[in-house]
Amino acid sequence: MSAGLIAVIIVLVIVVICLIIYNFSIYKKVKGLSNTNEKIANLRVLQDFMDTIGKDTSAENKIKIINDILIEKYNIKYSSIVVFNGAEYVLKASNVDERLWDTITNLHTDELFKDSIANAMPKYVTVNNSNEKLSYQKTDMTRAKSAMFFPLYIDNIYIGYWIIESDLAHAFDRMDTGILEVIRENIISVLKTISYQNTIENIYRTDKFTGLNSAEYLYGKGKRTIDKYAKSTICMFSINNIEEINENFGRKIGTQMIVQVANTVKSNISSEYVFVRYMGPKFAIAFSGIEVEETIEFVSKIKQSIESITITLNNKKNKNETKIQPNTNFILGTYYKGTGIEEVTKKLEEYLDNAEKTESEINCI
């Protein structure tokens, strides 16, 4: 072999080695760019999640919105989130046909997923041909050909599962499980956050005497009505002489007075205003979107209407009549959307508690 040929071979080998190194470098850069793009995409999805948490809508609706985000951003055919509430499994969000919801909410009973729940590990199942079906399918033989099941845990406490499905066999073979794990953790974080909102929204009760919602309604469902506006007025008032009425005429008459007061206010305010029995003889009205100055005249009329209520008692022995009327004290404050409404009501309540029992005014703080 001539020296010239050897030199050419050496040069070619060097060129090949250089090309390999160059291609490997390009591959690393492309892979790095791909990972960066995936991270950016995931951050965008996470941002969408956070934006959803901040939306002025119910906790139940937020879960549905998040599921829709998953379906759209990750091009998932079917996605379902099922939560165990301590008594039963509840389908919180799904784009599966309603006739199949019973199947989706009973996956925890299927042998295919029991070990997944027990070990807190995802489960991937698929078929190999069009004649097969996934074992958990009952009537939906052709809908899903592959599925990934993710048990959900909050602080090591099992709370339900998330399942994604495809109508294609082996649809998730090449899907990055790391991304899916990140999504699952995001779902858990969102469910954890939303659970607090859900508690607030559903903790209120209805007063059996007046039919009014309790104070907690203000901080949950009622707040969504109030927060349609940037600024609202919160009014709180108390029946100052309710203890005296109870002591002198009995609790039955005291309860009757509270009911009449509630009915009088209900018949005089708009449905846009939130009216609750705050506690005992205290009531609160949220005048949504109304300035304090604009409410004073209206509140004065309400106060007059309340104090015009008269309960007449007849004494059978001496045939005398006793007329009982309520005495009230009102306080108004401003609530700004985005701040704590409970801070406003706390100040109003403190004012009424510290006021003289003989005070019967309309004040503003």
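A cavity is a set of grid points where a 1.4 Å probe fits but cannot get out. The close-ups below come from a predicted model.

**View 1. The cavity of the structure.** A search of the whole structure finds one cavity of 30 Å³ or more. The volume of the largest cavity is about 30 Å³. Helix 2 (59-73) and helix 5 (177-202) are the elements that give two or more residues to its lining. Rolling a probe the size of a water molecule over the atoms shows where empty space is left.

**View 2. Residues that line the largest cavity.** The lining is made by Ile-63, Ile-66, Ile-81, Ile-187, Val-190 and Leu-191. Sorted by class, six lining residues are nonpolar, with no polar and no charged residues. Helix 5 supplies the largest share of the lining, three residues.

**View 3. The buried face of helix 4.** Helix 4 spans residues 111-119, and its residues Phe-113, Ser-116 and Ile-117 are buried. Seen down the axis of helix 4, the buried residues fall within an arc of 100°, so they line one face of the helix. Buried here means under 20% relative accessible area. The cover over these buried residues includes strand 3 (123-126), strand 4 (146-154) and strand 5 (157-166).

**View 4. The exposed face of helix 4.** Glu-111, Ala-118 and Asn-119 are exposed, and they sit on the face of helix 4 turned away from its buried side. For these residues, exposed means over 50% relative accessible area.

View 5. Just after helix 4 comes Ala-120, which takes a positive phi of about 55°.

**View 6. Asn-128 in its loop.** Asn-128 belongs to the loop between strand 3 and strand 4. The relative accessible area of Asn-128 is 59%; exposed means over 50%, so Asn-128 counts as exposed. The side chain of Asn-128 makes a polar contact with the side chain of His-170, at 2.9 Å. Asn-128 and Ser-146 are 18 residues apart in sequence, and their C-alpha atoms are 9.5 Å apart in space.

Note on methods
Residues are numbered from 1 along each chain as its sequence is written. This is a predicted model: local features need pLDDT of at least 70, side-chain atom pairs count only at pLDDT 80 or more; totals for chains, interfaces and linings use all residues. Side-chain values use heavy atoms; hydrogens and water are left out. Buried means under 20% relative accessible area, exposed over 50%, partly exposed in between (1.4 Å probe, protein chains only). Helices (H or I, at least four residues) and strands (E, at least two) are DSSP runs, numbered from the N terminus. The arc is that of the directions from the helix axis to the C-beta atoms. Contact means heavy atoms within 4.5 Å. On a 1 Å grid over the protein atoms alone, a cavity is a set of points where a 1.4 Å probe fits but cannot get out, and a pocket is an open set with protein on both sides within 12 Å along at least five of seven lines; lining residues have an atom within 4 Å of a point. Grid points are joined across faces, edges and corners, and a volume is the space filled by probe spheres set on the points. Ala, Val, Leu, Ile, Met, Phe, Trp, Tyr, Cys and Pro count as nonpolar, Asp, Glu, Lys and Arg as charged, and the others, Gly among them, as polar. A polar contact is a pair of N or O atoms within 3.5 Å; within protein, one must be able to donate a hydrogen and the other to accept it, and residues adjacent in sequence count only if both atoms are side-chain atoms.
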